[in-house]
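Hello,

Here is the structure for your files. My notes on it follow below.

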Amino acid sequence: MNCETLIRTLARERSLSREDWERLFAEYDEEDVSLAMELARKTALERFGKQVWFRGIIEFSNICRCDCYYCGIRCSNHNVSRYRLTEEDILACCAEGYAGGFRTFVLQGGEDGWFTDERMAAIIRAIKEKYPDCAVTLSLGERSRESYQMLFDAGADRYLLRHETADEAHFRMLHPENQTLSNRLRCLRDLKDIGYQTGCGIMVGTPGQTPATLASDMLFMRSLEPQMIGVGPFLPHRDTPFREEKPGSVELTLFILALCRLMLPNVLLPATTALGTAESDGRIRGVLAGCNVIMPNLSPASVRKKYMLYDNKAGTDLTAAEGVALLRQQMAKIGYEVVIGRGDYQKEETP
Ligand code: SAM
C-alpha cells in the first residue's frame with residue numbers, strides 16, 4: 001500500500017498496523033502531509049465547526065526535581081532563575097482569564113515538592129469555589145495514584161502528561177535512569193481510571209526518534225484512547241545536553257497532528273506554543289491540520305521569561321491580554337471563532 005492509501009485507510013478504519021505506521025513515517029512526502037491535513041480538517045469541521053477552544057495556561061512553578069535532557073527547566077540548569085507563584089498570584093491569573101472569556105485553567109509546573117497534595121488541593125478548591133463554571137486542568141508530572149485521586153476529589157477535571165515516547169530505548173535516551181517509561185504509563189492509566197479527562201503526547205523530532213518509535217506512539221495512543229493529545233516540535237534549549245540537536249520538523253508535526261485527528265476524531269488537540277514558536281503561523285497551520293484547542297499563556301509577565309522550556313518561546317514578550325488578542329486575530333484570519341465555555345471532551349455517539 002502506498003502512503004495515500006494508508007492515510008485513506010486510517011481515515012476510514014481509524015487504525016493501522018505497526019508495519020503500516022512504520023511505512024507511512026518512513027515514506028511520506030509533502031503531498032501526503034497535505035492530504036492528511038485536508039482529511040483531518042474535514043473531520044474536525046464535521047465535529048466542531050470552525051470553532052476552537054481557548055485554555056488559559058498558568059505556569060505556576062519552574063522548580064523541578066526532574067532532569068529531562070531536553071527541558072530548559074531541568075534541575076541541573078543553574079542558569080534558570082527559579083520562581084513559584086502563590087495561591088493569590090494564581091487566583092489573580094484566573095481572574096484575568098475569566099474576564100477574558102476563559103473557562104478552563106491549566107495549572108502547569110515543574111515537579112516542585114513544595115506543592116504537596118494538601119497545598120495543590122487547596123488551590124484547586126479555591127479556583128473551583130470562585131469559578132464553579134470552569135474546568136481545572138493539571139499538568140504537574142508524575143505523582144502517586146493517591147495523589148491524583150486526592151486532586152481529583154478536590155475538583156480537578158483534566159490532566160496532561162505527555163508520555164514523550166512509547167519506546168523503552170528511546171525513553172532512556174531522553175531521561176536519566178530514575179525516570180522510567182513504566183511509571184509514566186502507570187500514571188496515565190491511573191489518571192484515566194480515576195476519571196480525569198487525560199492527555200498524553202509527544203515532542204516531534206527528539207534525538208533518537210524514528211519511524212519505529214513513532215509507530216509505537218500511534219499504537220499506544222490508539223490503545224489508551226486519551227481525551228487530549230499534545231504534540232509539538234522538539235526545540236533545543238541552549239542550557240541542556242540537547243543544545244546542538246536539530247529542532248523537530250514543523251511538517252512532520254502537522255502530519256502527526258492530522259493523523260491523530262483521523263485516528264481519534266473527537267480528541268481535544270491543541271495547536272501548541274512550540275508549534276507557534278517554530279513558525280509564526282504554526283498555530284494557524286495546526287488548526288488547519290485538525291487542531292481544535294489553543295492554550296494562551298495567562299502567567300504574569302514577570303515570570304514568563306523564566307519558564308523557558310526551549311529557546312525563543314513564543315509569547316514571552318507579551319502580556320496575557322496581548323497574547324490572547326493576537327491569537328484571536330490569527331483565528332479570525334482563517335475564519336475560525338474562539339468559543340467561550342469549558343469545552344469538555346464529547347464521547348462519540350454510538351449508533
Ligand atoms: N512537569 C510536567 C510534566 O512533566 O508533564 C509539566 C511541565 S513539562 C515542562 C511540559 C512539556 O513540555 C513536556 O511534557 C515536554 O513534552 C515539553 N517540553 C519540554 N522541553 C521541551 C523542548 N525542549 N521542546 C519542546 N517541548 C518541550
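The largest nonpolar core has 105 residues, and those with the most contacts inside it are Trp21, Ile58, Leu107, Ile127, Leu138 and Ile256. A nonpolar core here is a set of buried Ala, Val, Leu, Ile, Met, Phe, Trp, Tyr and Cys residues joined through side-chain atoms within 4.5 Å; buried means under 20% relative accessible area, exposed over 50%, and partly exposed in between, with a 1.4 Å probe and protein chains only. Helix H10 (residues 250-263) gives the most to this core, with eleven residues. Apart from this core lies another, of eight residues, among them Trp53, Ile57, Val293 and Met295.

The model is predicted: local features need pLDDT of at least 70, side-chain atom pairs count only at pLDDT 80 or more, and totals for chains, interfaces and linings use all residues. Residues are numbered from 1 along each chain as its sequence is written, and side-chain values use heavy atoms, with hydrogens and water left out.

Trp21 is in contact (heavy atoms within 4.5 Å) with Leu10, Leu16, Ala215, Met218, Leu219, Leu259 and Met263, leaving aside neighbours within four places in sequence.

On the chain as a whole:

- There are 14 helices and nine strands, taken as DSSP runs numbered from the N terminus (helices H or I, at least four residues; strands E, at least two).
- Along the principal axes, the C-alpha atoms fill a box of roughly 55 × 45 × 40 Å.
- Of the 351 residues, 58% count as buried.
- Of the contacts between residues at least 6 apart in sequence, 75% join residues at least 24 apart.

Arg283 is found in helix H12 (residues 282-288) and counts as buried because its relative accessibility is 12%. Its contacts beyond four places in sequence include Ala271, Thr273, Ile294 and Met331. Arg283 and Ile294 are eleven residues apart in sequence, with 7.9 Å between their C-alpha atoms.

Arg14 is found in the loop between helix H1 (3-13) and helix H2 (18-27). At 27% relative accessibility, Arg14 counts as partly exposed. Not counting residues up to four places away in sequence, Arg14 touches Arg47, Arg222 and Glu348, among others. Arg14 and Arg261 are 247 residues apart in sequence and 9.3 Å apart in space, C-alpha to C-alpha.

Regards
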